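Student: I have a structure open and would like to talk it through with you. Can we take it one topic at a time?

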Amino acid sequence: MHLNPEDRDLITGGVTVIKEPPGRDAPAQQDPQVIATVSEMLRTIEQQGMDAVLRYARDLDGFTGTDVAIDLTAAEAEFAELPESLRAALDTGAERTRRFAAMQREHLVDFSAEVTPGVVCGQKYVPVGNVGCYLPAGRFPLLASAFMTVGVARAAGVPNIVSCTPPSRGGRAHPAVLYAARAAGAEKVYALGGVQALAAMAFGLLDGVPADMIVGAGNAFVAEAKRQLYGKVGIDVLAGPSEVAVLADDTASAEMVAADLLAQAEHGPTSPAALVTTSERLAKETLDEVDRQLAGLATRDIAGNAWRDYGSVYLAEDRETACQIMDILAPEHLEVLADDLDWWLGRLTNYGSLFLGDWSTVAYADKGMSGTNHVLPTARGARYTAGLSVLGFLKQLTYQRASREATRAQAEPVVTISDFEQMPAHRDSAQLRLDLIAQQN
């Protein structure tokens, strides 16, 4: 997540590079070997069904059973072993995410209105029928993923939701992931990971109902499976490594900036982090502060590599230039640690989710505490799309109803346009109604 040479031509103000990735582009989104492996797996599962799914589950995830269905009621003993504070925190995150999704749904209003006399058009929101949710449990289990997928789909009114999570403990699913799934409202959960999980949901191999849509974060193989399945099913976003950018002025604390950059770099060694600031002092102090914090960070091998290979720091001559840079970078997560927060809110346009002021941090949303969704566009996707929300699980459907009296106002222009386009069937469809009115008069 850094400026390319062609990007600089779009920036009208002065920009000084304090740090950029050492000759690296953004992490590759499509590895040829990953593409080939996923393609072969999907083809095999589509042809061989659950036999292939179980074979991949045994070979890739160490699954040892014959039934991948998980009985959440039977997991109560495992749930009881989780710290009470963790269970309370997960219940809180699930409830807040569901509440915000419900607030979003309340503001999506069905309506109908007369466009021209006798022609009534309208829209209504209808939930997707069948959704498959992938709940990752790799290096970090990402417990809040269930809130953002299962919980939000529930708020949208999706009638059938299936969830999959990798078996990661002796062939069993992670109990904290299962607890989060139950807190989010999950009912059908299966111990499957990776490509085989997405294929099983897409092809209807788990509950007999093919998914209409598949959502949830995952590794490169999961992302590639979503890309190849897209069209057969809908998806949320094609997300790459987690990203963070911080916009800061001279009022910001280098300690806070560094902490927030490293919090997202901790996601993985290819997670980009960028600082854009109008303060030369802050830029230099942040570099030193990142090094200081990394020295005591248990995940410094991950976060340190990400910062070294994908970290950027830019000094902008003024806040308008800083906004131009950020709109080009279009980060997944964008923090603003600066004065006059309303000005930044009104000016910035390209981001997955925005965090305003010292008392907001991406970490809050990552864990479900702020209520907003953390399934967001990466790799500059925020230039043209938003992240997952309750709207993602709803189809915005339009309809129209016309009266006999409105026929001439619509049909005559259609005849004219169709004649010019040389589309006689379109012309006849409209002319038929004009002729019918003439006969009846």
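Student: To start, what share of the contacts in the protein chain with a separation of 6 or more comes from residues 24 or more positions apart?

Tutor: Residues 24 or more positions apart account for 74% of those contacts in the protein chain, where contact means heavy atoms within 4.5 Å. Before we go on, please keep in mind that this is a predicted model, in which local features need pLDDT of at least 70 and side-chain atom pairs count only at pLDDT 80 or more, while totals for chains, interfaces and linings use all residues. Residues are numbered from 1 along each chain as its sequence is written, and side-chain values use heavy atoms, with hydrogens and water left out.

Student: OK, and how many helices and strands does the protein chain have?

Tutor: The protein chain has 17 helices and 17 strands; these are DSSP runs numbered from the N terminus, with helices (H or I) of at least four residues and strands (E) of at least two. Taken along the principal axes, the C-alpha atoms fill a box of roughly 90 × 60 × 40 Å.

Student: What percentage of the residues is buried?

Tutor: Of the 441 residues in the protein chain, 49% are buried. Buried means under 20% relative accessible area, exposed means over 50%, and partly exposed is in between, using a 1.4 Å probe and protein chains only.

Student: Let's switch to helices. How are two packed helices described?

Tutor: Two packed helices are described by the angle between their axes and the distance between the axes. The axes are lines fitted to C-alpha atoms, for helices over the stretch in contact, and angles run from 0 to 180 degrees between N-to-C directions.

Student: At what angle do H2 and H8 pack?

Tutor: Helix H2 (residues 32-48) and helix H8 (residues 194-202) pack at about 40°, and their axes are 10 Å apart. H2 and H8 are therefore oblique to each other, given that angles under 35 degrees count as roughly parallel, over 145 as roughly antiparallel, 65 to 115 as roughly perpendicular and the rest as oblique. Their crossing is right-handed, a word used if the near helix is turned clockwise from the far one by less than a right angle, with left-handed used if it is anticlockwise.

Student: Which residues make that contact between H2 and H8?

Tutor: From H2 the contact uses Val38, Met41, Leu42 and Ile45, and from H8 it uses Val195, Gln196 and Ala199. By class, this contact has six nonpolar residues, one polar residue and no charged residues. Here Ala, Val, Leu, Ile, Met, Phe, Trp, Tyr, Cys and Pro count as nonpolar, Asp, Glu, Lys and Arg as charged, and the others, Gly among them, as polar.

Student: And how do H10 and H11 cross?

Tutor: The axes of helix H10 (residues 254-265) and helix H11 (residues 280-295) come within 8 Å and cross at roughly 60°, and that makes H10 oblique to H11. The crossing of H10 and H11 is right-handed. Among the residues that meet are Val257 and Leu261 in H10 and Leu282 and Val290 in H11. By class, the contact of H10 with H11 has nine nonpolar, two polar and four charged residues.

Student: New topic: how many salt bridges are there?

Tutor: The count comes to 20 salt bridges, where a salt bridge is a side-chain nitrogen of Lys or Arg within 4 Å of a carboxyl oxygen of Asp or Glu. One of them joins the side chains of Glu78 and Arg172, at 2.6 Å from N to O.

Student: Which residues are linked in a network of salt bridges?

Tutor: Asp250, Arg281 and Glu285 are linked in such a network.
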